[in-house]
Every structure is written in structure tokens, then in C-alpha cells.
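User: Can you walk me through this one? I'd like to go piece by piece.

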Amino acid sequence: MIDRDTFKRMMRASAQLMLEQADALSDIDSRFGDGDHGITITKIAKLMNERVEAWGDDSLKDFLDELGMGAMAVRGGSAGPLYGTMISGLGVELGDDESEISADAARRMFAGALAEMRDITAAAVGDKTMMDALIPAVEAAQACDAAACDAAAVFAAAADAAEAGAKASEGFASKFGRARSYGDATIGTPDAGAVSTALFLRGLASGAARL
């Protein structure tokens, strides 16, 4: 089970990894986009740290909802609203009284995040977006059954799949956003959003692994 203190550590580990890779994310984004993805991710990561430090008696569900709402307000293109939706979505399937994350709760968190994202984007695997990382992550989380996986293992499986998905995005042509105007020229470069999503999930997994 992942308790509140462990989840705080997970969020801090995720934010740290995102901050460390911010310049690399902007470099990727600069090839066919505005080059500011790392700047936006930095703002979101700092917000994560701030909200973790200020987290009082709110439930895990409420914490994720409020953090997501804060991320939605981050300026910097579509990344803020997308990340805000994903983060808020992690909490939608949790109960108000769930103070610890079991393997089942972890799987529900991923399912909720994907459901919320599908409400705002039609992007699928192969479209070169953050969904190239998130969809495989959710599928891996669901496949990690209770007999074989504890909560930390669910997050680890999701992170592994997200990284593979971000790597696979190199082979796709962009179909969304500014980059889609470049078409096949984008093949060979990973999607910045997919890479940052993989970093977000890897951070959560690394924090959970130190149970």
C-alpha cells in the first residue's frame, strides 16, 4: 500500500525528474514546435512541489483535483490543460475516504486519467502526442493483476510502458498541433509531450519503489 507520505515522495521524485530534463524537453520541442515545452513542464513541476508542501488534510482525491486545476491554469500552450486533465484524472476513480493506494486503486487511477484525457483529445497511439506514452502506460497498469503486482509494481509497469511508448513516437509523423504541418519530417524525433509524460510517470514509479 502507498500511504500519503509515500505519495508525497512520489510527487517530489516526479517533479525533480521533470526539472532535470526540462532543457532536453525544450530542445525536442524546438525542432518542430515552439521550443517551450520544458519551460511549461518546469512550471508544472514547481507547482507539484509547492502543492505537496502545502498539502494539509485534503483527501488524495481532492489533492489531485486541486493540483490538476492548478496545472490547467499554467500558461504555455496546450501542455498545462493536458497535464491538468491527466493529473486530475488520476483522482476521479478514487473514493473520498481512500487515504492509501492499493494495487486496485493504482489501476483505477490510471483508468481515470485516460478516461478524462479521452474527453478532451481524439489522439491515439501513433499520432505523436503524449497519448503515445499514456495509453500504453494505462494498458500496462491494467495488465498488472493483483496476484502479481502491488501498487508500486503497477506504477513501475506503467512507467516502463510509457518510456517504450515515448521511444516509439520517434517513428510516427505528427498529426496534432503545430508539428503536424511538418508531416513526415517529424519522423525520427520523439514527441516532447510523450517524453515528458514518461518522465512524470517514471518519477512516480521511482518514488513508489522506495516503500
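User: How many disulfides does a search of the whole structure find?
Analyst: The search finds 1 disulfide. Keep in mind that this is a predicted model.

User: Which residues does the disulfide join?
Analyst: Cys-144 and Cys-149. Their sulfurs sit 1.6 Å apart.

User: Are Cys-144 and Cys-149 buried or exposed?
Analyst: Both Cys-144 and Cys-149 are buried.

User: And why is the disulfide left-handed?
Analyst: Look at the torsion about the S-S bond of Cys-144 and Cys-149. It is about -90°, so the disulfide is left-handed.

User: New topic. Where is Gly-203?
Analyst: Gly-203 lies in helix 9, which covers residues 192-209.

User: Why does Gly-203 count as buried?
Analyst: Because its relative accessibility is 0%. The cut-off for buried is under 20%.

User: What does Gly-203 touch, leaving out residues up to four places away in sequence?
Analyst: Met-10, Ala-13, Ser-14 and Leu-17. Take Ser-14: it is 189 residues from Gly-203 in sequence. In space, their C-alpha atoms are 3.6 Å apart.

User: What about Ser-196, where is that?
Analyst: Ser-196 is in helix 9. Ser-196 has 0% relative accessibility, so it counts as buried.

User: What does the side chain of Ser-196 reach?
Analyst: It reaches the backbone oxygen of Gly-193, at 3.1 Å.

User: And which residues does Ser-196 touch, again not counting those up to four places away in sequence?
Analyst: Leu-25, His-37, Ile-41 and Tyr-83.

Key
Residues are numbered from 1 along each chain as its sequence is written. This is a predicted model: local features need pLDDT of at least 70, side-chain atom pairs count only at pLDDT 80 or more; totals for chains, interfaces and linings use all residues. Side-chain values use heavy atoms; hydrogens and water are left out. Helices (H or I, at least four residues) and strands (E, at least two) are DSSP runs, numbered from the N terminus. Buried means under 20% relative accessible area, exposed over 50%, partly exposed in between (1.4 Å probe, protein chains only). Contact means heavy atoms within 4.5 Å. A disulfide is a pair of cysteine sulfur atoms within 2.5 Å. A polar contact is a pair of N or O atoms within 3.5 Å; within protein, one must be able to donate a hydrogen and the other to accept it, and residues adjacent in sequence count only if both atoms are side-chain atoms.
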